[in-house]
Amino acid sequence: MTDSRDLLAAYDAQLRGAPPHAAAHAPDGPLTRVAGPLRALVTGPPDLGLRGRELDELIARQRDFFAARGEAVEWRLRVHDTPADLPDRLSAAGFTPLPPSAVLIGPVAEATVRRPVLPGGVTLRQVSADADLHAVAALQSAIWGLDLSGLGDDLIARIGAAPRDTVVLVAEAGGEMVSAAWLAFRPGTQFATLLGGSTLVEWRGRGIYRALIQARLALAAERGVPYLHVDASPDSAPLLRRLGFQAITRMTPYVWTP
């Protein structure tokens with residue numbers, strides 16, 4: 001597939017449900033509720049098949065379910081989702097939009113796979129031990145200024161359930177983790193998903209992020225996965241585009257917090 005419409009159709013058909021090996025997930029009508037390390041998620045098809053009062057009731061049910069649990073929840077809305085008034089209905093129910101991300105798809109082809117080039121003194125290592133995964137969570141927490149400690153348990157659970165389907169890589173310098181990224185394989189689909197890729201401020205701009213992308217491209221190529229998917233920030237999207245990724249839609253997280 002090279003046409004963006006074909007890629008979008010494949011994305012909608014294959015990646016809009018619960019990710020494999022999610023810690024917990026349960027359906028509610030056309031939606032699926034998914035546990036997450038920072039906050040819960042709700043995900044569903046591009047068209048929920050509901051309008052008006054029925055749609056308002058579905059939205060309120062998600063809010064009230066997580067309110068009873070004292071949890072924040074994120075509703076991921078793509079720009080092509082329908083009905084057109086869904087953003088207004090989410091806002092009316094108390095969900096707040098966060099900055100959008102570009103949804104990018106990149107081909108895993110021989111031309112795109114290169115040996116990772118790292119700055120001097122930096123090495124890459126694949127990790128799966130509990131201590132390392134908790135260290136990844138601590139690194140992410142420090143980078144983003146958020147409590148992402150639950151990420152360690154989430155990664156441990158995913159790797160425990162299916163060791164080949166989540167591959168975590170860390171970049172280290174002088175025995176210190178300076179960046180971390182992981183690749184989530186999606187069995188039964190044409191995709192694997194790029195996640196993480198965050199680097200300490202003092203180590204940015206040295207090619208570590210690009211090296212982590214190249215390393216994960218190589219892993220996907222070894223497994224015969226044809227495409228990589230990523231929800232890219234404005235900072236990372238330009239580099240990904242230069243590596244052959246193309247935007248197929250835009251995703252805005254709508255978040256409700258107790």
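Hi everyone, let's start with strand 4 (residues 73-78), which is joined to strand 12 (residues 246-256) by six bridges, the two running antiparallel. Before going on: this is a predicted model, where local features need pLDDT of at least 70, side-chain atom pairs count only at pLDDT 80 or more, and totals for chains, interfaces and linings use all residues. Residues are numbered from 1 along each chain as its sequence is written, and side-chain values use heavy atoms, with hydrogens and water left out.

Strands pair if DSSP finds at least two bridges between them. Across from Arg78 you'll find Met251 of strand 12.

Strand 4 also pairs with strand 3 (residues 40-43), in the parallel sense, over three bridges. There, Val42 stands opposite Trp75.

How many of strand 4's six residues are buried? Five are, so the strand is mostly covered; buried means under 20% relative accessible area, exposed over 50%, and partly exposed in between, with a 1.4 Å probe and protein chains only.

Now to Asp28, in strand 1 (residues 25-28). Asp28 counts as buried because its relative accessibility is 11%. Beyond four places away in sequence, it touches Arg33, Leu58, Arg61 and Gln62, where contact means heavy atoms within 4.5 Å.

Finally, Arg164 sits in the loop between helix 5 (150-161) and strand 8 (166-173). Arg164 counts as exposed because its relative accessibility is 57%. Its contacts beyond four places away in sequence are Phe185 and Arg223. Thanks, everyone!

Conventions: Helices (H or I, at least four residues) and strands (E, at least two) are DSSP runs, numbered from the N terminus.
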